[in-house]
Amino acid sequence: YELHVRGFTAHPSSGVTCPGTYKGLVEKLDYLEDLGINCVELMPVNEFNELEYYELKPANGVYRYNVWGYSTVGFFAPMARYAACLGQREGDESESGGGPSSSSSSSLRP
């Protein structure tokens, strides 16, 4: 199963505590397992310039930006924006977006 870290959990209906982050994705591992998914390939998670194509689309008044990440800035650097919740207080581990958590019992974790 191929998915985008931000796109998979960005909508409020995902019900995760940190939408659009690695932590949000970890919170959904049990859901993926319930669907029968036993392997997940993440779309680009390396650092990229989201504003590379930033412009206002006159047709609909919406700004366009690089959401997919196929314009690599740092191939071996994980996307920092996926690692923490917006509005997170420094030192608040309960809202940390970091790596895998022991709260998920999913067998999808390494």
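**Reading contacts, burial and pairs in a predicted model**

Q: Leaving out residues up to four places away in sequence, which residues does V5 touch?
A: In this predicted model, V5 touches G20, T21, Y22, L25, L42, V45 and Y82, with residues up to four places away not counted.

Q: One of those residues is T21. Where does T21 lie, and is T21 buried or exposed?
A: T21 is in the loop between α1 (5–9) and α2. Buried means under 20% relative accessible area, and T21 is buried because its value is 1%.

Q: What is T21 in contact with, leaving aside its neighbours within four places in sequence?
A: T21 is in contact with V5, T9, R81, Y82, A84 and C85. V5 and Y82 are among the residues named for T21, and V5 in turn touches both T21 and Y82.

Q: Which residues form the largest nonpolar core?
A: A core is read as a set of buried nonpolar residues joined through side-chain atoms. Here the largest has eleven residues: L3, V5, Y22, L25, V26, L29, L32, I37, F48, M79 and Y82. Two elements, α2 (22–27) and α3 (29–34), each give two or more residues to this core. The most comes from α2, with three residues.

Q: How many aromatic pairs are there, and what is the geometry of the pair formed by Y22 and Y82?
A: Read the distance between ring centres together with the angle between planes. The count is one aromatic pair. Y22 and Y82 are 5.8 Å apart centre to centre, with 85 degrees between the planes, and the pair is edge-to-face.

Q: How many salt bridges does the count come to, and which side chains meet in one?
A: The count is one salt bridge. The side chains of R81 and E47 meet in it, at 3.0 Å from N to O. This pair also links distant parts of the chain: R81 is in the segment after β6 and E47 in strand β3 (residues 46–48), 34 residues apart.

Q: What is found on the surface?
A: The protein chain exposes about 7,300 Å², and carbon and sulfur atoms supply 55% of this. L51, Y54, L56, Y63 and Y65 form a nonpolar surface patch, with about 540 Å² of accessible area together.

Q: Where is Y65 found, and what is its relative accessible area?
A: Y65 is in the loop between β5 (62–64) and β6 (72–78). Y65 is partly exposed, with a relative accessible area of 41%. Patch residues need over 30%.

Methods: Residues are numbered from 1 along each chain as its sequence is written. This is a predicted model: local features need pLDDT of at least 70, side-chain atom pairs count only at pLDDT 80 or more; totals for chains, interfaces and linings use all residues. Side-chain values use heavy atoms; hydrogens and water are left out. Patches are made of residues with over 30% relative accessible area and no salt bridge: like charges are joined within 9 Å, nonpolar side chains (Val, Leu, Ile, Met, Phe, Trp, Tyr) within 5 Å. Accessible areas come from the Shrake-Rupley method with a 1.4 Å probe; for residues, only the protein chains shown count as cover. A salt bridge is a side-chain nitrogen of Lys or Arg within 4 Å of a carboxyl oxygen of Asp or Glu. Helices (H or I, at least four residues) and strands (E, at least two) are DSSP runs, numbered from the N terminus. Buried means under 20% relative accessible area, exposed over 50%, partly exposed in between (1.4 Å probe, protein chains only). A nonpolar core is a set of buried Ala, Val, Leu, Ile, Met, Phe, Trp, Tyr and Cys residues joined through side-chain atoms within 4.5 Å. Contact means heavy atoms within 4.5 Å. Rings of Phe, Tyr and Trp (its six-membered ring) pair if their centres lie within 6.5 Å; planes under 30 degrees apart count as stacked, over 60 as edge-to-face and the rest as tilted.
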